[in-house]
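Have a look at the picture first, then read on.

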Amino acid sequence: MGDWQFEVPTTGSKRLPPDARYMEGLASQGYGFEVAVADLVDNSIDAGARDVVVHFLRDGGRLVTLLVVDDGVGMDDDTLDVAMTVGGRRSYDRNALGMFGTGLKSASLSHAESVTVVTKTRRSRPIGRRWRMEQARTDFLCDIVEPTFAQTLLDRYADRPITWQGTVVRWDGVKDFPSNGDAGQTDRYLIRVINNLGLHLGLYFHRFLARDDFNITIAAEDVTTGTVYMDFGVEPMDPFAYPSTGKAGYPRRYAAVLPTGDAVTLNAHVWPPKSSLPEFRGHGTVLDRQGFYFYRNDRLVQAGGWNRLRQPEQHLSLARVAVDIPSGLADVFRLTVKKAGVEVSPSFTAAVESAKDGDGSTFTEYLAVADAVYRDARKRAGVERKPVIAPGKGFDPSVRRVIDEELPFLDGEEPISIRWQKLDPDVFFELDRVEHVVYLNQHYRTALSSGRHGGLNDLPMVKSLVYLLLHKVFESEVRGSREKDNLRLWQHILVAAAKSELGRYEA
């Protein structure tokens with residue numbers, strides 16, 4: 001046992017350049033669409049942009065291109081080459097949002113077959129580069145964009161927002177765009193995606209958007225007719241923008257002192273109960289929204305979560321804690337490449353558990369206060385709702401979110417799922433009590449959806465009503481004659497209603 005070597009001996013070194021397929025791995029990091037676009041906005045802010053435009057271009061019923069345009073300082077040849085180099089090394093300012101040198105490439109190629117960057121400074125000519133995934137898979141060859149085209153693309157956005165300088169990032173072959181060219185489907189896609197994108201950018205850049213000198217615009221235009229379908233400014237979505245505190249004396253600032261002696265400030269808030277403001281309800285469930293909101297250089301990099309400090313629970317839904325990550329603590333706070341989450345060291349968790357404010361009050365006492373405010377509001381409402389089994393697969397996320405906010409859930413119970421299956425025409429639903437599944441009759445699906453294409457979470461109204469009707473059946477341990485009679489009654493009425501819908505649809 002005494003021959004252990006604490007250092008690994010070596011005989012030299014050799015250069016092993018990355019295989020070209022590395023680009024494919026770089027583009028497979030699970031970027032969500034909104035997170036990827038936010039990564040491009042980071043670059044715009046680092047370039048000193050005052051205005052950023054996220055522009056969807058369509059050709060009739062077909063979406064063709066997405067562009068992110070800014071009026072930042074732009075880039076010359078050398079700077080652009082570094083920006084388009086995978087892992088390109090450049091010195092980031094301590095206040096910069098960029099960190100790893102991979103965001104532009106990985107975010108873009110996660111969602112598009114090619115990414116083109118066209119740019120100019122006040123003193124340089126327009127230039128451009130393009131990465132194509134097809135080519136990047138086989139070799140690290142980046143295309144040089146023809147200068148006249150680069151000028152034309154920049155001219156297209158003259159004063160909107162580019163003046164003397166700026167940058168255009170263009171995605172072509174966007175994987176998530178509807179591919180069948182159906183105008184109605186494209187309209188629905190744009191409404192849904194632009195709404196989600198606006199909420200995401202409004203939340204993660206809310207401190208920037210609250211300033212007078214920074215704006216993000218989202219627009220959609222038909223490139224053939226010049227028709228503008230949508231054009232609106234993103235509003236800041238401040239997760240701490242309540243009109244009045246939920247508890248007098250809050251927010252409070254707690255100091256979490258690390259073993260190094262560095263102190264991290266925890267700005268602890270208590271939201272007012274039953275708030276309907278979008279700043280409170282606009283993203284995720286009550287379990288998602290509570291917890292830490294980490295900021296790096298004023299950019300939100302995590303919106304909720306307790307980072308293993310404790311498990312989220314409904315009674316802490318009013319507790320939100322703003323933490324501005326100090327510089328120089330990379331060993332304590334580790335950001336993901338996508339800047340959509342923070343990993344914290346055990347030393348931070350321990351420091352939070354013993355954190356105190358200026359009066360000696362502990363962070364643990366703050367959590368107890370937030371819990372009590374929530375419970376007291378429930379009691380004053382005069383309603384104590386019984387726990388239920390949570391909804392699972394087959395429910396639209398927005399429906400699950402509201403049920404989560406309105407009802408406590410039974411611990412340790414498998415959620416109730418809803419699926420479509422071929423059943424006898426005289427049956428509308430069947431129950432699998434063991435697996436907690438409600439099967440709906442596939443025979444009536446098209447008629448109930450008026451012929452629209454159905455997905456996993458289709459017909460949210462029908463499924464919500466079925467859940468409200470049947471969830472108690474799964475919670476009951478007694479199978480009495482009353483329950484059997486109720487099931488027969490509901491079955492007969494629902495079959496009659498479904499057959500009526502089918503008759504109207506076929507007529």
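**A sheet and a buried leucine**

Eight of the nine residues of β2 are buried, so the rest of the structure largely encloses this strand. "Buried" means under 20% relative accessible area, while exposed is over 50% and partly exposed is in between (1.4 Å probe, protein chains only). Keep in mind that this is a predicted model: local features need pLDDT of at least 70, side-chain atom pairs count only at pLDDT 80 or more, and totals for chains, interfaces and linings use all residues. Residues are numbered from 1 along each chain as its sequence is written, and side-chain values use heavy atoms, with hydrogens and water left out.

**How the sheet is laid out**

- Eight strands make an open sheet with mixed pairing, in the order β5-β4-β3-β6-β2-β1-β7-β8.
- β5 (143–144) and β8 (228–233) sit at the edges with a single partner strand each, so one side of each has no neighbour in the sheet.
- Helices (H or I, at least four residues) and strands (E, at least two) are DSSP runs, numbered from the N terminus.
- Two strands count as paired if DSSP finds at least two bridges between them.
- Strands of a sheet pair through backbone hydrogen bonds, either parallel or antiparallel.

**Who pairs with whom**

- β1 (residues 51–59) and β7 (residues 215–222) run parallel, with eight bridges, and L57 stands opposite E221 in β7.
- β1 and β2 run antiparallel and are joined by eight bridges; here F56 faces L66 in β2.
- These two strands, β1 and β2, form a hairpin with two residues between them, and G60 in the turn has a positive phi of about 65 degrees.
- On to β2 and β6: they pair in the antiparallel sense over six bridges, with D70 opposite T167 in β6.

**A residue to look up: L440**

- L440 lies in strand β18 (residues 437–441).
- Is L440 buried or exposed? L440 is buried, with a relative accessible area of 0%.
- Not counting residues up to four places away in sequence, L440 touches I418, R419, W420, Q421, L423, F428, F429, K463 and V466, where contact means heavy atoms within 4.5 Å.
- S354 is 86 residues from L440 along the chain, and their C-alpha atoms are separated by 52 Å.
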